[in-house]
Amino acid sequence: MPFPPESPCLSIAIARLNIPETNHFAVWVMQAPFQRGYVHHDQMWPETLSQDWQAWLEVFSPQSLPAIPIGTPQPALASNQNIHPTSQSGVKINRTSRLMQNLGISLWQWLFQGEIAHSLHQSQGIAIGQELPLRVRLDIRQPELIALPWEIMQPGVALPAFSLSREILFSRTTSDVNSLRSQPPSQFLNILLVIGESTPKGQSFTGNGHQSLVPSKLKLEEEAAQLIEVLKAHNITNPNAPRGNPTIPCRVDTLIQPTPEELISYLDKKTYNVLFYAGHGTPGPDGGWLFLAPDTTLNGTELAQILVRNGVTLAVFNACWGAQPATERLSSGEVQAIPRSSLAEVLIHHGVPAVLGMRDEIADQEALSFIQVFAQGLTEGMLIDQAVAVARQQLLTLYRFNQPAWTLPVLYMHPEFNGQLVQVFDELVTQLPTNSPTWISGYTSRAFLRSQDDNNQVWPIWVGTISVGRSQENDVVILERWVSQKHAEIFCRCLPNEEVEPTYFLRDISRFGTLIYQSGSWQRIHRDEVVIQSGTLLKFGSSQGEAFEFVIETTEELNS
């Protein structure tokens, strides 16, 4: 199976303007699938949106990090007391559903205004035309806006939230990042499961004074066994699955309350593409703290060095506030978020391709439900952001729209990462790995064979060989009586004096030969091998046959 086509991407940034009006923000497009999509829009943060956020926090996240005021604080429910009808049955469900919906619509309407909305609509049209989902990434550069549940954005009543749509692959991202290491997707799902300390010394407090609701003791071995069962449940290939969509093998190794040295040793010994951490975590200025074992912690900056050095592609954290920034109290008494301090942002900044963290506390059963569907998506070869969307839909189904479970997972993606963790291969197709020593280094062109009839059909020629003939087993099938069952092969190889571009050859193995148009006339080759140049015309078996053009496109032509 070839690599899937890459989805068009719309990347949007939000930052506060450095002007006297403190609640004035700039929103602009950093990446778009069309040239006119790079637009910007300046707008104020409305007081009503702050009120909706305060009301949402009071109902859904009473134990969360303290709300960071945006604008003049108002009574938390002032804007909602008169708009939520009450009844003797289902009062809580009705009110919480309206809170969830109202905040989601308000966030959407604030973000997608003017030219930003136009760029989104145009990008969606391009993606639909390509029959691909649109990848939308949000770079929130103002730290106090990170705590907001942007994943619940929805364009209107009864319309799906952005992070639940099948046509959208939604994630957050961050700028000012280290470049990614060049590494191809793996053929296996290799997971290192780290079970850390659940609650240090029996009772934990966050850096902001809120007592954690995590139980003082968890049976770590049982939790590890349960997680392993979930992760490996999809390790057996379904014999009834259609060919071309096999299950990817999944291997899970477990570390329970390791020291940093033990963690490093495991990552150095084997190649893992996923790190999964379950345990206690707290926010901090350097990516927060993970409590690996009693009196043993590791901060985000230290973990980033380990993961990047060992080529881990995806880091998943079932820990409190892995996607939240740390806060500090100023001399004025105001609470202020620290920029680029969340665990997810720190790891992305250092060059980890993808990080999945929790915006708030998540119950054990909710986390297991999410991880089960998420892991299944990965073993089926889904992109990471696609698998997150499917698993989020599962949380919404199990725990209801009006509960916060489906809003908790927050995915950060490196701006250079396309989301592909593992590659599903057709079991009947043999492919040369991209990191093989025999791979053509610096390959900068692609070639194809194009028919000259009205259909203008195109057959790409990748590094390897394509066959031409009358038999259906060939890559290019020509149903003409003078064409042999297996007539010719076109392939490329690097000659010793060539460092970059390969040379393409045609090998005739037919009964009647192959005609090549060279030097103004047709020349026949038979049972021979010749070099062919871009623009060469070919006919197979007879001058009366259909003509084909061999074309090589260079990088400059592809980018023009």
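A residue counts as buried under 20% relative accessible area, as exposed over 50%, and as partly exposed in between. With that scale in hand, the reader can follow the chain shown here, which is a predicted model. By this scale, 51% of the 560 residues of the protein chain are buried. The chain has 10 helices and 27 strands, and its accessible surface comes to about 26300 Å², of which carbon and sulfur atoms hold 49%. Among contacts with a separation of 6 or more, 66% are between residues 24 or more positions apart.

Strand E7, residues 250–256, runs parallel to E6 and is joined to it by seven bridges, with Asn190 having Arg251 as its bridge partner in E7. Strand E8, residues 274–278, also pairs with E6 in the parallel sense, over five bridges, and here the bridge partner of Leu193 is Phe276.

Another sheet is open and consists of three strands in the order E9-E10-E11, with antiparallel pairing. Strands E9 (281–282) and E11 (296–299) stand at the edges, and because each has a single partner strand, one side of each is left without a neighbour in the sheet. Strand E10, residues 289–293, pairs with E11 over four bridges, and Phe291 has Thr297 as its bridge partner in E11.

The charged side chains give a further view of the fold. Side chains of opposite charge can pair when their charged atoms come close, and the count of salt bridges comes to 12. One of them joins Arg309 and Asp268, whose closest N and O atoms are 3.5 Å apart. This pair links distant parts of the chain, since Arg309 is in helix H6 (residues 300–309) and Asp268 in helix H5 (residues 260–269), 41 residues apart. Asp268 has 45% relative accessibility and therefore counts as partly exposed, and Arg309, at 47%, is likewise partly exposed.

The salt bridge between Asp139 and Arg141, with closest N and O atoms 3.0 Å apart, involves a buried Asp139 with a relative accessible area of 0% and a partly exposed Arg141 at 28% relative accessibility. These two residues belong to a network of salt bridges that also links Arg340 and Glu345.

Arg507 and Glu489 meet through their side chains in a salt bridge of 2.6 Å, N to O; Glu489 lies in strand E21 (residues 488–493) and Arg507 in E22, so the pair ties together parts that are 18 residues apart in sequence. Glu489 is buried, with a relative accessible area of 14%, whereas Arg507 is partly exposed at 27%.

Asp508 is found in strand E22 as well, which covers residues 503–508. Asp508 is buried yet has no salt bridge, the nearest side chain of opposite charge being that of Arg527, 5.2 Å away. A salt bridge requires a nitrogen-to-oxygen distance within 4 Å. The side chain of Asp508 does make a polar contact of 2.9 Å with the side chain of Ser510, and, leaving aside residues up to four places away in sequence, Asp508 touches residues including His487, Thr514, Ile525 and Arg527.

Notes: Residues are numbered from 1 along each chain as its sequence is written. This is a predicted model: local features need pLDDT of at least 70, side-chain atom pairs count only at pLDDT 80 or more; totals for chains, interfaces and linings use all residues. Side-chain values use heavy atoms; hydrogens and water are left out. Helices (H or I, at least four residues) and strands (E, at least two) are DSSP runs, numbered from the N terminus. Buried means under 20% relative accessible area, exposed over 50%, partly exposed in between (1.4 Å probe, protein chains only). Lys and Arg count as positive and Asp and Glu as negative; His and the chain ends are not counted. A polar contact is a pair of N or O atoms within 3.5 Å; within protein, one must be able to donate a hydrogen and the other to accept it, and residues adjacent in sequence count only if both atoms are side-chain atoms. Contact means heavy atoms within 4.5 Å. Two strands pair if DSSP finds at least two bridges between them. Accessible areas come from the Shrake-Rupley method with a 1.4 Å probe; for residues, only the protein chains shown count as cover.
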